[in-house]
Amino acid sequence: MIKLTEVVTSPSEYDPELERVKCTYSLRSFYVNPRFIVSVADNNKFNSLHKSSPVVKDLIPQARFTKIVVATGVHGTTLYNVLGTPEQHLQSIKENVI
């Protein structure tokens, strides 16, 4: 199992001036079996958001984000937005797959 830090999105209300739903973001840890990871890619959405203002308070400006897709059943997958670069996660996956 590998430990990942997920970016959790909590939508609040619609802002008619911005023409979108306001969201707050927080972090939480979770564990995943690296054998069930299907894909790992840069998360351009969160990387762009973080450049303009911190996604999570006190997060360093150099922080980067990754989209990780995990197999969850016969035909299902779940996408997770996680803290860290794809390269960091690939290294962790390689170290933990036996």
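Which side chains meet in a salt bridge at 3.8 Å, N to O? Select E13 and K22 and you have the pair. A salt bridge here is a side-chain nitrogen of Lys or Arg within 4 Å of a carboxyl oxygen of Asp or Glu.

Before moving on, some housekeeping. This is a predicted model, where local features need pLDDT of at least 70 and side-chain atom pairs count only at pLDDT 80 or more, while totals for chains, interfaces and linings use all residues. Residues are numbered from 1 along each chain as its sequence is written, and side-chain values use heavy atoms, leaving out hydrogens and water.

**Stop 1: around K22**

Now colour by accessibility: buried means under 20% relative accessible area, exposed over 50%, and partly exposed in between (1.4 Å probe, protein chains only). D15 is buried at 12%, whereas E13 is partly exposed at 43% and K22 is partly exposed at 36%.

**Stop 2: E6 and R28**

The structure holds three salt bridges, and E6 with R28 is one of them, at 3.0 Å between the closest N and O atoms. This pair links distant parts of the chain: E6 sits in strand β1 (residues 2-15) and R28 in strand β2 (residues 20-32), 22 residues apart. Strands (E, at least two residues) and helices (H or I, at least four) are DSSP runs, numbered from the N terminus. E6 is buried, with 11% relative accessibility, but R28 comes out partly exposed at 47%.

**Stop 3: helix α1**

Jump to residues 44-52, which make up α1, and pick F46, N47 and H50: these are buried. Look down the helix axis and the buried residues of α1 fall within an arc of 100°, so they line one face. That arc is taken from the directions from the helix axis to the C-beta atoms. As background, an α-helix has 3.6 residues a turn, so residues three or four places apart point the same way.

Next, show what surrounds that face. The buried residues of α1 pack against β1, β2, β3 (37-42), β4 (65-71) and β5 (77-83), with contact meaning heavy atoms within 4.5 Å.
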